[in-house]
Amino acid sequence: MKLSLFNGALVGLLLLASSPLLAGEGTGNSRPPLDRREHLGRSGWSRIIPTHLKVQYAGSMGLISVGCGWDYGRKCRWETDLLAGYVPKFEGSKGHATLTLKQNYIPWALYASDHFSFEPFYTGIYLNTILGDEFWTRQPDRYPSGYYWFSTRMRIHAFVGCRASWHPRKGSRIKGVTLFFEINSCDLYIVRKVGNHYLNASDLVGFSLGLKCQIF
């Protein structure tokens, strides 16, 4: 029964994603498409100017992370972000800085009006590293061979999320403000789950909130 419900939901999402309205295609009447995103192409050196700024709370990349990013592709379905974060000191340990390279895929957006839109689903991956001499990519020689099979410096995360956006009137300096929520898990947590039936879902996932400011 649960499998049938899951298959039905998956088929529904695929049909929704392929809908002409969501794809921004006409339907033969004057009704505007639900997905009204437009990618404003730039040329030359202007392409390196970030299109948005982001602030993210938690997400296994630091207590607070800030950075910039670029959207591109048809209807701005792709985003690449570069974030710097901070992990505060805990139980006597010093604080640490983090760096995160994040790739987002946003398949569609639903516009309730010219000023409000909702992106019910998006996904992606990000690579996070924590800075500090006590973390390593390769196991130090002081440990027996194979004692640590994973890197303590770098983690690969996968995530899903949803976003809601406000779009000011045309001509405003800010093009949009977006609030987003994400659920994530990393490579180490997923490997730990294999063969371990005592781990709950709460032990494998993390949550984060963020704010995006569209400037171009």
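## Model and conventions

This is a predicted model, in which local features need pLDDT of at least 70, side-chain atom pairs count only at pLDDT 80 or more, and totals for chains, interfaces and linings use all residues. Residues are numbered from 1 along each chain as its sequence is written, and side-chain values use heavy atoms, with hydrogens and water left out.

## Overall fold

The protein chain holds three helices and nine strands. Both are DSSP runs numbered from the N terminus: helices are H or I with at least four residues, strands are E with at least two. From the N terminus, the order is α-α-β-β-β-β-β-β-β-β-α-β.

The chain has 216 residues, and 33% of them count as buried. Buried means under 20% relative accessible area, exposed means over 50%, and partly exposed lies in between (1.4 Å probe, protein chains only). The accessible surface comes to about 13,800 Å². Carbon and sulfur atoms account for 66% of that surface. These areas come from the Shrake-Rupley method with a 1.4 Å probe; for residues, only the protein chains shown count as cover.

Contact means heavy atoms within 4.5 Å. Take the contacts between residues at least 6 apart in sequence: 58% of them join residues at least 24 apart.

## Salt bridges

The whole structure contains nine salt bridges. Each puts a side-chain nitrogen of Lys or Arg within 4 Å of a carboxyl oxygen of Asp or Glu. One of them joins Lys54 to Asp81, with the closest N and O atoms 2.6 Å apart. Lys54 sits in strand E1 (residues 52-58) and Asp81 in strand E3 (residues 78-87), so this pair links distant parts of the chain, 27 residues apart. Lys54 is buried at 4% relative accessibility. Asp81 is buried too, at 1%.

Lys102 and Glu182 form another salt bridge, with 2.7 Å between the closest N and O atoms. Lys102 belongs to strand E4 (residues 96-105) and Glu182 to strand E8 (residues 176-186), 80 residues apart. Both residues are buried. Asp187 and Arg155 also meet in a salt bridge, at 2.9 Å from N to O. Asp187 lies in helix H3 (residues 187-193) and Arg155 in strand E7 (residues 154-166), so the pair ties together parts 32 residues apart in sequence. Asp187 is partly exposed at 29%, whereas Arg155 is buried at 16%.

There is also a salt-bridge network. It links Lys54, Glu79, Asp81, Glu119, Arg163 and Lys212.

Strands pair if DSSP finds at least two bridges between them. E1 and E9 run antiparallel and are joined by seven bridges. E8 and E9 are also antiparallel, over nine bridges. Lys212 of E9 is the bridge partner of Lys54 and of Thr178.

## Nonpolar core

The largest nonpolar core has seven residues: Met61, Leu83, Ile106, Tyr122, Tyr126, Phe159 and Phe180. Such a core is a set of buried Ala, Val, Leu, Ile, Met, Phe, Trp, Tyr and Cys residues joined through side-chain atoms within 4.5 Å. Leaving aside neighbours within four places in sequence, Ile106 contacts Arg37, Cys76, Arg77, Glu79, Glu119, Tyr122 and Arg163.

Thr98 lies in strand E4 and is buried at 2% relative accessibility. The Thr98 side chain reaches the backbone oxygen of Met61 at 2.5 Å. Not counting residues up to four places away in sequence, Thr98 touches several residues, including Met61, Leu83, Tyr86 and Asn128.

## Positive phi angles

Most residues other than glycine have a negative phi. Ala58, in strand E1, has a positive phi near 65°. Lys75 has a positive phi of about 60° and is not a glycine. Lys75 is in the loop between strand E2 (64-72) and E3, and counts as buried at 13% relative accessibility.

Conventions:
Polar contact = N/O pair within 3.5 Å; in protein donor to acceptor, adjacent residues only side chain to side chain.
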